[in-house]
Amino acid sequence: MRIGWKRGRDSGKRGRDPGERCAGPGCFAVLGDNGPVPTYRDQAVVLRTHKLGEADRIITLLCRDHGKVRAVARGVRRTSSKFGARLEPYSHIDVQFATGRSLDVVTQAVSLHQYARPLVGDFGRWTMGQVMVETADRLVAEEKEPALAQYRLLLGALRTLGHGTPDGMRPGSMVLDAYLLRAMAISGYAPSFTACAVCGEPGPHRAFSPASGGSVCVSCRPPGATRPRPETLALLGSLLTGDWKATRGVPDVVLREADELTSAFVTWHLDRGLRSLMHVDWS
Ligand SMILES: [Zn+2]
C-alpha cells in the first residue's frame, strides 16, 4: 500500500501494518511504504458506500470530530473481511483512519450500534433512513469540517426511527419530518411555523410558502401559497423543537399534510430534490 507522509495532529508514534488491529489507545501510527503514517480515531455513522476495484469500497462517514470523511476500506467485499459488516450504511462505529495522499484508509472499525437492525425487514423505515443519510451527506458539504450538531441529530434520528421516541413509537414519516426540519434548521434554513417568515409578524398565520421560508402573513403571502390546517402547522412546530409528547395521537390527515409540507420545504431549499425522497411511501 502506498500512503504519502503527511503531518497530522496524531502523527509521530510508530505503529503496525495498515489493517492490523491496533494495540490500544497508545497506537497512533501505522507503517506505510514511506514510513509511519499518521492516523486518527473517531466515532462515526456510515452514510453510504460504493465499490472500488475488485474488493474495496469507498465509505462516506459522518464523524463526531472530523465531520464528513470519505475513506477507502480495503478488502471489505471479501467474505473473510473483518470490517465488512461494520461498514454498512447506518452503522455507528468507532473507527481509525490512516491519513492518505488523497483518500484516507480505514484501518480499524468497531461496532458501537447497529441502527440498521430494526430497519431491516421494514422497507418503509429503511427508505426513510436512506433519506436521512442522504440529507446529512448533502447538508455537510465540506469534508473534514466538524459538523457535530448534524452528527448528533442524525444519530438520534436513526435511533428514534428504529427504537421510538422517549414517548413511544411514532410513524416513520413523522420521525423523518422531524429529522429533515431540524437538519435544515442547523444548516441555516430554519422554517417558521408561527411568526411570518418574511416580516416576522407574530402568528400563527394561515398561509404557508416553502419558498418564503414557512408561514406567511396576509401581506407577505406570495401567489401559490397553501393554506394548511392550523393543527398541521402546530405539529410541524412540535417536530422542529423535538416536543414528542405533543405529537401523540395526531390524525393521519394532519400527518400526511405535514409530510407534504416538509417534503416541499426541503425540496425547495436543497437545489435539487433528494433522490431517495422520491421512494418514500408516505402513506
Ligand atoms: Zn409578513
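## The protein at a glance

Of the 283 residues in the protein, 41% are buried (20 or more other C-beta atoms within 10 Å of a residue's own, with C-beta atoms placed from the backbone). This is a predicted model, so local features need pLDDT of at least 70, side-chain atom pairs count only at pLDDT 80 or more, and totals for chains, interfaces and linings use all residues. Numbering starts from 1 along each chain as its sequence is written.

The protein has five helices and eight strands, taken as DSSP runs (H or I, at least four residues, for helices; E, at least two, for strands) and numbered from the N terminus. Reading from that end, the order is β-β-β-β-β-β-α-α-α-β-β-α-α.

## Helix α3

Helix α3 covers residues 172-186, and its end C-alpha atoms sit 21 Å apart, in agreement with the 21 Å its 15 residues should span (1.5 Å times one less than the number of residues). Because 13 of those 15 residues are buried, α3 is largely enclosed by the rest of the structure. After α3 comes G188, with a positive phi near 95 degrees.

## α1 against α3

Helix α1 (residues 123-139) packs on α3 at about 5 degrees, axes 10 Å apart; the axes are lines fitted to C-alpha atoms over the stretch in contact, with angles from 0 to 180 degrees between N-to-C directions. The two are therefore roughly parallel (angles under 35 degrees).

Contacts (C-beta atoms, placed from the backbone, within 7 Å) involve M128, V131 and M132 among others in α1, and residues including L176, Y179 and L180 in α3.

Methods
Buried ≥ 20, exposed ≤ 12 C-beta atoms within 10 Å, placed from the backbone. Parallel < 35°, antiparallel > 145°, perpendicular 65-115°, else oblique. Contact = placed C-beta atoms within 7 Å.
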